[in-house]
Amino acid sequence: MNFGDFLDNNSCGGGGGGGGGGGGGGRIVAGDLPNYINYNKSISDEIISNKNMPGGAISQPRLVPHSLSTKPMFTSPGLSLALQTGMEGQGEVRIEENYESSNVNGRRSREDEHESRSGSDNMDGGSGDDLDAADKPPRKKRYHRHTPQQIQELESLFKECPHPDEKQRLELSKRLSLETRQVKFWFQNRRTQMKTQIERHENSILRQENDKLRAENMSIRDAMRNPICTNCGGPAMIGEISIEEQHLRIENARLKDELDRVCSLAGKFLGRPVSSNGPPMPNSSLELGFSLPMGPHDFVNSPLPVMQPNNNNNNNNNNPSKGTTIERSLERSMYLELALAAMDDLVKMAQTDDPIWIRNNIEGGREVLNLEEYSRSFSPCIGMKPNGFITEASRETGMVIINGLALVETLMDSNKWAEMFPCIIARTTTTDVISNGMGGTRNGALQLMYAELQVLSPLVPVREVNFLRFCKQHAEGVWAVVDVSIDAIRENSGGAPAYSGCRRLPSGCVVQDMPNGYSKVTWVEHAEYDESVVHHLYRQLITAGMGFGAQRWVATLQRQCECLAILMSSAAPARDHNAITAGGRRSMLKLAQRMTNNFCAGVCASTVYKWNKLHTDNVDDDVRVMTRQSVDDPGEPPGIVLSAATSVWLPVSPQRLFDFLRNEHLRSEWDILSNGGPMQEMAHIAKGQDHGNCVSLLRASAMNANQSSMLILQETCIDASGSLVVYAPVDIPAMHVVMNGGDSAYVALLPSGFAIVPDGPGSCGPGRVGGSMLTVAFQILVNSLPTAKLTVESVETVNNLISCTVQKIKAALQCES
């Protein structure tokens, strides 16, 4: 809580409550009167009133030196009356005079300025300060009350600055039409009021603690008067207990308390209650250590940080359903054991070469997991492999232009993780955070996550996985992040498995910091999945790890980090058009990112959108057609959106196919929806060293007077795992706004494009090595009314569009057969 919040919780509204006095002196309650009298013995009580004082104002008394009068302080009837009225009305007296030091003659004087009181709770009674003689009754004066607007302004400034200087008081007095001393006295009384409230609150707390200690003291005394024998439970005879035995019992009680505290800490660590009478816990579940080398570093033994308790379970003692709480505690402890075992497996698989990993020179020199050696060296941490499942395993090492801490933070944040791997991760979320780490870092962070992993093809279903992600720092600059499915734990707990088609075995990466801001990343992907749901064209490719394997993760990470490094650099590449401002570049890149994400969501039918699959007789078997409603999305045109996608094999290298599709001069050979005229590149933003990684704005010239020119936003990217070409027609005025740095969220677009991956070794039989798997996908607005029904003609039109596009590509590349 900051200082402003503290004042908000401890101030009285409206300037009332007794803090509204306008005097410059302190506030005196009844119990403090003797001290106040002693403090003011040197002040004379003879008050000479000003008879010429204007009506409605409070007279300013002058003080006679103490040597001229020896009367008691409260013998003055006027002052006694004011004191009595204050004690009866509010139980306290406010002294409004502000005494100052006199001149060398020892006389004390009052400043000749009028004072005022503030606060809505002040009574209309007089102050008793205007006296002609000791035997005359006082003249009652009406106090000046501040308006609610003045009080609100004063309270507002008091929250920001309880001690305003002279300049602030002068400015405030002019703004509120008050005198400077009125503002000064208001702040003095307001500070006194707040101080008193704090003291009352502290006194209340101390009084409660005192009562608690007194009760404990009484209970201890009662226990000492009536000692009980620990053996039989009856009254103990003091004479039968020796001094040594008394010391032993005291020591025993101290050790028992210490044991209870240790068990309580262990319970927080494991997430479950630990009995003080149970057997000792094994050290293997509490410590995580490895002895495998990591370049110049060695892994060191370090304890797992204490798990942070979940905020949702703070009131477990008051929860009647304690059975559910105990089950959750047991489940969390099982998550901890699983994370430790998975981290052990990941590090061993990342560091051990032969005989765990065997390099297959026939398949391009990629590493293949030796399943027989793996089964002997590793025990399954999530149970045996289900029937009908096959194993997919891969490992890849690469240098990435990102430091280890930044990469770990990206992996542990679900949103940043999805932005780093947009073509692999369709959707992800963090379902539960068991530990945030320790020492302000991600060391020891443990969380449950859900993700949908995709290959950009309608022939490969999306993998839905519920997994545990655990991060651990093993040495200075050495981190490891591991994922493992939790299906086995949920099955043992009586729940249904999250997804029966795929299990994520210990997978993840080991990151080591390198010079110049680089990191060495060793990525391991290990999964078991049902091969029967994958189309036969992609089975060998997926088994070889080219779809969900480590090579694709590392290649995507390298491309994305290179793009970030270029975009964050101060100087733009020479190829970029200078007509785009820095704000325009950011807006175009943001729009291209949204376009690519929408394209991927339309190809794989992830749960990002609510797709309805169509099964019609007039559509090819390998073409998947889906529809959805676009409503209240400023980034899309409203209506019925139809998505159609298919994947085909082409006997063309992936590089040649990518260069053909991204070339704007050859676009008229396959793009049916364009005007068929030449394309001109209006803007270009590089996203990597490779010329294929860029965002372009293309302009299609009109062939005749009946056609209008159009703009096409296109993003292309390529890496070792595959390539992507995504485009969408955009509105010309909207793109002018974007290129000038405007908001791109309101630019409506529906993307289409191509995804290209190598066909994999032997995936399509002999004679086809070196081919490509091409995915073609279109998203088209078939009706501008979201409630309209889809017609058969619309489906046939999109099907023909895909078929014609594929045929034109084959004809242009001379591979019709």
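In the predicted model, nine strands form an open sheet in the order E19-E20-E21-E27-E26-E25-E24-E23-E22, with antiparallel pairing. The edges are held by strand E19 (612-614) and strand E22 (679-686); each has a single partner strand, so one side of each is left without a neighbour in the sheet. On average, and with direction ignored, neighbouring strands of this sheet are turned by 20° against each other.

Strand E20 (residues 624-630) is joined to strand E21 (residues 639-650) over seven bridges, in the antiparallel sense. Arg628 has Val641 in E21 as its bridge partner.

Helix H15 packs on the sheet and touches E20, E21, E22, strand E23 (694-700), E24, E25, E26 and E27. The direction of H15 makes about 75° with that of E24.

Helix H15 (residues 582-604) also packs with helix H17 (residues 732-739), at an angle of about 125° and with the two axes 7 Å apart. Because of this angle, H15 is oblique to H17. On the H15 side the contact involves Gly584, Ser587, Met588 and Leu591, which meet Met735, Val738 and Met739 of H17. The residues in the contact of H15 with H17 comprise five nonpolar and two polar ones, with no charged residues.

Rolling a probe the size of a water molecule over the atoms shows where empty space is left. The search finds nine cavities of 30 Å³ or more. The largest cavity holds about 200 Å³ of space. This largest cavity is lined by 20 residues, of which Leu456, Arg552, Gly722, Ser723 and Val757 are the closest to its centre. Two or more lining residues come from each of helix H14 (550-568), strand E24 (710-719), strand E25 (722-730), strand E26 (752-758) and strand E27 (772-783). By class, the lining of the largest cavity has 12 nonpolar, five polar and three charged residues.

Notes. Residues numbered from 1 in each chain as written. Predicted model: local features only at pLDDT ≥ 70, side-chain atom pairs only at ≥ 80, totals over all residues. Heavy atoms only, no water. 1 Å grid on protein atoms, 1.4 Å probe; cavity = no way out; pocket = protein on both sides within 12 Å on 5 of 7 lines; lining within 4 Å. Points joined across faces, edges and corners; volume = space filled by probe spheres on them. Helix = DSSP H or I, 4+ residues; strand = E, 2+ residues; numbered from the N terminus. Nonpolar A, V, L, I, M, F, W, Y, C, P; charged D, E, K, R; others polar. Axes fitted to C-alpha atoms, helices over the stretch in contact; angles between N-to-C directions. Parallel < 35°, antiparallel > 145°, perpendicular 65-115°, else oblique. Contact = heavy atoms within 4.5 Å. Pairing = 2+ DSSP bridges.
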